[in-house]
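Please examine the sequence and the structure shown below.

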Amino acid sequence: MEAKAVTRYVRISPLKVRLVMDVVRGMPVDRALATLRYMPQKAAREVARTLKSAIANAEHNFDMDRENLYIKTIYADQGPVLKRFMPRARGMANRIRKPTTHITVVVADKSEY
């Protein structure tokens with residue numbers, strides 16, 4: 001049995017989020033939350049939030065036991081990019097790209113595998 005949670009339009013670059021995700025991929029959920037808690041990256045907070053949501057979905061919707069859960073799949077897709085302009089010297093302008101990310105976490109039960 002699997003439970004899933006998705007957080008969309010997070011204002012962080014997908015590359016920065018993937019660096020955090022690579023650390024916790026495949027871990028038991030309690031150990032992953034402990035690891036994310038002490039990571040200094042902003043992306044760690046968002047990944048932890050999504051992971052907590054997936055855990056709550058598993059417990060509430062599928063009556064799964066929290067001690068047996070692990071991160072089966074975790075990935076970050078690119079969302080829409082906000083484009084802004086910044087004035088520069090001599091009447092020019094530079095484009096500022098503000099990327100967004102869609103974070104997906106799937107947790108599964110260890111006892112079934």
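**Packing around helix H3**

In a left-handed crossing, H2 passes H3; a crossing is left-handed if the near helix is turned anticlockwise from the far one by less than a right angle, and right-handed if clockwise. Helices are DSSP runs (H or I, at least four residues), and strands likewise (E, at least two), numbered from the N terminus. The model is predicted: local features need pLDDT of at least 70 and side-chain atom pairs count only at pLDDT 80 or more, while totals for chains, interfaces and linings use all residues. Residues are numbered from 1 along each chain as its sequence is written, and side-chain values use heavy atoms, with hydrogens and water left out.

The axes of H2 and H3 lie 9 Å apart, at an angle of about 155°; axes are lines fitted to C-alpha atoms, for helices over the stretch in contact, and angles run from 0 to 180 degrees between N-to-C directions. The two helices are therefore roughly antiparallel (over 145 degrees). Val29, Ala32, Leu33 and Leu36 of H2 make the contact with Ala44, Val47, Ala48, Leu51, Lys52 and Ile55 of H3, where contact means heavy atoms within 4.5 Å.

Helix H1 (residues 14–24) also approaches helix H3 (residues 42–62): their axes come within 9 Å and cross at roughly 65°. That makes H1 roughly perpendicular to H3 (65 to 115 degrees). This crossing of H1 with H3 is right-handed. Here Lys16, Val17, Val20 and Met21 in H1 meet Ala43, Ala44 and Val47 in H3.

After H3 comes Asp63, with a positive phi near 50°.

Note on methods
Angles under 35 degrees count as roughly parallel, over 145 as roughly antiparallel, 65 to 115 as roughly perpendicular and the rest as oblique.
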